[in-house]
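Hello,

Here is the structure I promised to pass on. Please look it over first; my notes follow below.

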Amino acid sequence: MTAPLFSVGQSVRIVDRTPRVHHRVPAYAKGQVGVIERVCRLHGEPEKFIRGDGKPTQRLYRVRIAQNGLWDNYAGSDGDDLDIEIFEHWLEPME
Amino acid sequence: MTDHDKEHDHARTFQPDHQEPTSDSARVGLALRELLIEAGHYTAEEEQEVIAAMQGASPENGGRIVARAWIDAAYKERLLGDGASAIRELGFELEPYEFTVMENTDSVHNVIVCTLCSCYPRSLLGMSPAWYKSKDYRSRVVREPRSVLAEFGVELSDNIDVRVHDSTAELRYMILPQRPAGTDDWSEEQLAALITRDSLIGTQRVLRSE
């Protein structure tokens, strides 16, 4: 099993790209910065899922993003946040 | 009214006819199903088993899980750590997805959405409500969760943070709501009956114990 590239608490940026195939990253999350909340298991890579065998797999994470940074004029408290599932090949480390 | 009339009370017994497919996509769906069965990818019997299993799924299952977590601290810890294993402990069959249980506390309220489609733990909790699949809910609850929750009647003071969970990929979610006050001497069955579907999604926060 491939070791995870990222660990809980690490700051990451979600890559801003739009491949012309099915992918599981909503537009609002692209380019956003968050923190790894949880390291999940390996799952089939959605962009290649059309092959139907669930391979190759990619590490999945839950990334926590502050709502204040996510939306302009967010109406809520500073502690509000959003957890989203992002695959490893969509994450890059923050320097 | 005679007894005979009561037996033929059409207002009570009426059921709508099953509709014939009227759209092209519905016809394509039916044709695809027949082809898959004909080609031996699965059998009609297997399909019936899956449908029957889904019909057995309901929010009551979530109620059993929550009630157990309320009365058994060690179980709750396992449930929050590895939801799928803890849920299987109670005898539920789960597909091999990761199951994530999020706990509401005095300072955090959790709510679930799937913005990309409408992922929902159907095999455990049954069909999702229509609003969960609506574009309105899916687009707004990530951007303005407090407004959406207020529309559901969830009152949140400023010292309670809102945490939205966007179910974008392979995980499935369930909220562990807070146990209502005044239920210390309740049985597990009584507690389980308090839990509603919406409280498992997060569009209800306070469970009524009266």
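**Strands of chain A**

β1(A) pairs with strand β5 (residues 91–93) of chain A, antiparallel, over 3 bridges. Strands here are DSSP runs (E, at least two residues), helices are H or I runs of at least four, and both are numbered from the N terminus. Two strands pair if DSSP finds at least two bridges between them. Within this pairing, Arg13(A) stands opposite Glu92(A).

This is a predicted model: local features need pLDDT of at least 70, side-chain atom pairs count only at pLDDT 80 or more, and totals for chains, interfaces and linings use all residues. Residues are numbered from 1 along each chain as its sequence is written, with chains lettered from A and ligands numbered from 1 in the order in which they are written.

β1(A) also pairs with strand β2 (residues 33–44) of chain A, again antiparallel. That pairing has 3 bridges. There, Arg13(A) has Val33(A) as its bridge partner.

The side chains of β1 (residues 11–14) alternate. Val12(A) and Ile14(A) point to one face and are buried (20 or more other C-beta atoms within 10 Å of their own; 12 or fewer is exposed, in between partly exposed; C-beta atoms placed from the backbone).

Overall, chain A has 1 helix and 5 strands. Their order along the sequence is β-β-β-α-β-β. Of its 95 residues, 31% count as buried. The C-alpha trace spans about 45 × 30 × 20 Å along its principal axes.

**Where the chains meet**

19 residues of chain B are in contact (C-beta atoms, placed from the backbone, within 7 Å) with 19 residues of chain A. On the chain B side, α10 (135–143), α11 (145–151) and β3 (161–166) each supply at least two residues. β3(B) gives the most, with 6 residues. The chain B side divides into 7 nonpolar, 3 polar and 9 charged residues. Nonpolar means Ala, Val, Leu, Ile, Met, Phe, Trp, Tyr, Cys and Pro; charged means Asp, Glu, Lys and Arg; the others, Gly among them, are polar.

Strand β4 (residues 81–87) of chain A runs parallel to β3(B), joined by 4 bridges. Leu82(A) stands opposite Val164(B) there.

**Chain B**

Val111(B) touches, among others, Val141(B), Leu149(B) and Val164(B), not counting residues up to four places away in sequence.

Best wishes

Conventions: Two residues are in contact if their C-beta atoms, placed from the backbone, lie within 7 Å.
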